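Thanks for asking me to look this one over.

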Amino acid sequence: PSYVDVFKVKSESSNKVIDYIVCNNKATLLYLANLGCIEINPWNSTTKKPGNPAWMVIDIDPSPKNTFVQVVDVALATKMVLDKAGVDSYCKTSGASGLHVYIPMKNKYDYKTVKDFAHIIASLVQEQLPKTTSLERSLSKRGNNIYIDYLQNRSGQTLASVYSLRPKKGATASAALEWKDVN
């Protein structure tokens, strides 16, 4: 419909231009819901500055054998590292089994800089919890360790939006948390 904005992006893999829907008003959100879009997954950047993310994210991704207490421990260790650096952060559930820690970047830095910073943060957290965490993405290589995913800070990467339903049993939802409620 005419009220739905799109953002054109050339796909490097298919060499085609893809029209991405920009959900920036209630009518578009309702349109997406009517299409049956269960999950909303925004980019880290905006259409105004597509090369500079609005936020950095640390995705705390457990293996099936990790407890949620262990996931919380990683989130709180992440907060401690960020607090020590004087960096604001916010937490939300993934809507699945993990947590996401968001750090405002205000579109000041490019994706490479933000990803490199996220790698440093993830490494510092992993050093604090070496027995339960890993920077290894592959589940077969990291075993039962929680993956501290800093690679979500690349152009085109997406995560479930806050309050987005997830296509999981029970229709779980991603939810914002106050740090005092991360327990």
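1. Which side-chain oxygen reaches to the backbone nitrogen of Ala27 at the start of helix α1? It belongs to Asn25, and the gap to that nitrogen is within 3.3 Å. The helix itself covers residues 26-34. Keep in mind that this is a predicted model.

2. Now look past the other end of α1. Gly36 follows the helix, and its phi is positive, near 90°.

3. On to the core. The largest nonpolar core has 28 residues, and Ile58, Ile60 and Ile103 have the most contacts inside it. At least two core residues come from each of β3 (55-61), α2 (68-84), β5 (99-104), α3 (111-128) and β7 (146-149). The largest share is that of α2, with seven residues.

4. Setting aside neighbours within four places in sequence, its contacts include Leu99, Val101, Ile103, Ala118, Ile121 and Ile148. Thr78, His100 and Asp149 are in contact with Ile58 too.

5. Then the aromatics. Searching the whole structure turns up four aromatic pairs. One of them is edge-to-face: Trp55 with Tyr102, at 5.7 Å centre to centre and 70° between the planes. This pair links distant parts of the chain, with Trp55 in strand β3 and Tyr102 in strand β5, 47 residues apart.

6. Trp55, with a relative accessible area of 25%, is partly exposed.

7. Last, have a look at Phe7, Tyr20 and Trp43, which form one aromatic cluster.

Key: Residues are numbered from 1 along each chain as its sequence is written. This is a predicted model: local features need pLDDT of at least 70, side-chain atom pairs count only at pLDDT 80 or more; totals for chains, interfaces and linings use all residues. Side-chain values use heavy atoms; hydrogens and water are left out. A polar contact is a pair of N or O atoms within 3.5 Å; within protein, one must be able to donate a hydrogen and the other to accept it, and residues adjacent in sequence count only if both atoms are side-chain atoms. Helices (H or I, at least four residues) and strands (E, at least two) are DSSP runs, numbered from the N terminus. A nonpolar core is a set of buried Ala, Val, Leu, Ile, Met, Phe, Trp, Tyr and Cys residues joined through side-chain atoms within 4.5 Å. Buried means under 20% relative accessible area, exposed over 50%, partly exposed in between (1.4 Å probe, protein chains only). Contact means heavy atoms within 4.5 Å. Rings of Phe, Tyr and Trp (its six-membered ring) pair if their centres lie within 6.5 Å; planes under 30 degrees apart count as stacked, over 60 as edge-to-face and the rest as tilted.
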